[in-house]
Amino acid sequence: MSTELLEVLDRIVGRAGAGEGVEAYGVDETETSVTVYGGEVESLSSARTRGVGIRVVDGGRIGYAYAADTSEAALGDALDEARANAAVGTPDEANVLPGGGALPDMPELYDPAFAEATTEEKIDLALRLEAAARAGDKIKGIDAARYGDGERTAAIASTTGVRGAYRRADAFVMVEALAEADGARHRAFGLDVRRTPAALDVDAAAAEAAQRAARLLGGRKPASARIPVILDPCATASLLGVMAGGLVAEAVQKGRSLFADKVGERLGGDHLTLVDDGRLLDGLAAAPWDGEGVPTGRTALIDAGVLARFLHNTHSAVKDGVASTGNASRSGFKSPPGVSPSNLFLAPGPDGPEALLARAGTAFYCQQIMGVHSGANPVTGDVSVAAAGLMVRDGEFAESVREASVAGTIPGMLAGMVAIGSDLRFLPMGGGMGGVTLLVEGMTLSGA
């Protein structure tokens with residue numbers, strides 16, 4: 001599959017004119033989804049998407065076009081359209097294609113056992129997931145139980161010599177359980193993500209949903225207080241997704257980041273290291289190279305508490321006179337590369353969640369945050385989000401809390417991160433951020 005796609009891209013690049021830069025990016029992916037309800041299949045779908053995006057750079061002007069039809073005629077029309085778009089573009093000396101050669105591969109991203117799973121086995125996983133979640137204590141219903149997977153081949157070729165392809169596959173199960181007791185209700189989800197369907201742990205995903213939903217029943221509004229807050233991995237991942245917006249070089253260059261002009265400044269303790277690592281196999285965005293063919297790698301954005309650097313694609317790197325960090329991103333073949341995190345996470349500490357609870361004493365354990373994209377601002381750094389969770393007293397979970405909010409600032413949170421848990425886990429919220437249990441001092445808890 002990858003060889004065939006690369007040959008298509010080679011033919012496009014081979015049509016470049018003198019002095020013209022041409023880049024062709026191709027994707028061939030198939031996604032499957034199974035949703036069940038009440039022990040029956042509610043929906044089953046499988047869809048294949050294939051297409052090529054073409055970027056033309058000529059005289060500092062850039063143009064982009066794409067084709068979902070990979071026939072020679074359709075690709076020729078897309079190349080002509082990209083050239084026409086470049087002709088009316090605004091010149092920018094940072095509009096260049098990255099150089100390079102043959103790209104690395106990461107064969108670990110694709111397990112051949114992925115293809116062995118039948119449709120019947122995928123349906124069975126979804127049915128087992130729903131049944132296991134329904135059996136949970138105080139669970140009165142299941143809002144959603146789903147199996148999904150994706151198999152993807154990405155390839156790239158350009159006139160600067162960039163050329164490569166890789167293949168990856170992922171499977172997941174996700175369930176949202178509804179717990180009820182004494183007229184109170186609460187929903188929570190559980191999930192598992194693996195390389196193959198056979199490796200999925202449906203019982204663990206179901207138990208996670210049931211436990212998270214049941215332990216928040218009977219909550220009450222909290223009194224306002226400035227107390228330590230313990231963020232669970234899901235909450236941490238959501239907030240990292242917002243924080244990431246201020247660590248992208250493009251945002252810094254446009255004056256839309258609270259971290260502008262702060263490189264070299266101390267933001268937190270020596271134990272605070274924030275890493276983006278596109279080659280980390282456990283990450284949901286692992287890839288051997290980014291959306292424009294620059295090899296991925298490990299970038300420490302905050303290194304031992306000090307702001308060290310920002311995330312770059314080729315355009316933002318040329319503007320700043322630095323090297324790309326391999327963070328060019330695409331939503332698919334229909335869009336030119338932007339810049340965003342890949343696998344962003346806080347380097348884990350030595351202690352597990354139980355040790356952080358014991359250290360906190362009296363605290364608020366934040367299991368769920370809502371409205372994070374409207375309540376947390378990567379430009380101003382202000383954070384004020386709705387939350388649900390449990391009080392912690394003497395290092396143990398106590399009464400549940402609802403209709404609450406937690407507030408602070410991003411700089412204050414970074415400075416107040418006194419302990420980072422060892423339970424690193426990559427989650428889909430925030431674009432695939434890494435979540436850990438996190439103990440933060442200096443935030444305010446109040447009734448919403």
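Predicted model: local features only at pLDDT ≥ 70, side-chain atom pairs only at ≥ 80, totals over all residues.

The strands here come in an open sheet of six and an open sheet of four, and α3 packs on the six-stranded one.

**The six-stranded sheet**

- Reading across, the strand order is β3-β2-β1-β4-β5-β6, and the pairing is antiparallel.
- The edges belong to β3 (61-67) and β6 (184-194); each has a single partner strand, so one side of each has no neighbour in the sheet.
- Direction aside, neighbouring strands are turned by 20° against each other on average.
- At the β3 end, strand β2 (residues 40-58) is joined to antiparallel β3 by seven bridges.
- If you want a landmark there, Val-57 has Ile-62 of β3 as its bridge partner.
- Helix α3 sits on this sheet, touching β1 (21-37), β2, β4 (139-158) and β5 (163-181).
- The direction of α3 makes about 140° with that of β4.

**The α3/α4 pair**

- Helix α3 (residues 119-134) also packs against helix α4 (residues 202-214), at an angle of about 35° and with the axes 8 Å apart.
- The crossing of α3 past α4 is right-handed.
- On the α3 side, the contact is made by Leu-125, Arg-128, Leu-129, Ala-132 and Ala-133, while α4 brings in Val-202, Asp-203, Ala-205 and Ala-206.
- By type, that makes seven nonpolar residues, two charged and no polar ones.

**The four-stranded sheet**

- Here the order runs β10-β9-β8-β13, again with antiparallel pairing.
- β10 and β13 (344-346) are the edge strands, each pairing on one side only.
- Strand β9 (residues 298-303) and β10 run antiparallel and are joined by two bridges.
- One spot to look for is Asp-303, whose bridge partner in β10 is Val-306.

- Is Asn-313 buried or exposed? Its relative accessible area is 6%, so Asn-313 counts as buried, the cut-off being under 20%.
- A polar atom of the Asn-313 side chain lies 3.0 Å from the backbone nitrogen of Ser-316.
- The backbone nitrogen of His-315 also has a polar side-chain atom of Asn-313 at 3.3 Å.
- Leaving out residues up to four places away in sequence, Asn-313 touches Glu-292, Ser-324, Ala-328, Pro-337, Gly-338 and Val-339.

Note on methods
Residues numbered from 1 in each chain as written. Heavy atoms only, no water. Buried < 20%, exposed > 50% of the residue type's maximum accessible area, 1.4 Å probe, protein only. Polar contact = N/O pair within 3.5 Å; in protein donor to acceptor, adjacent residues only side chain to side chain. Contact = heavy atoms within 4.5 Å. Pairing = 2+ DSSP bridges. Axes fitted to C-alpha atoms, helices over the stretch in contact; angles between N-to-C directions. Left-handed = near helix turned anticlockwise from the far one by under 90°. Nonpolar A, V, L, I, M, F, W, Y, C, P; charged D, E, K, R; others polar.
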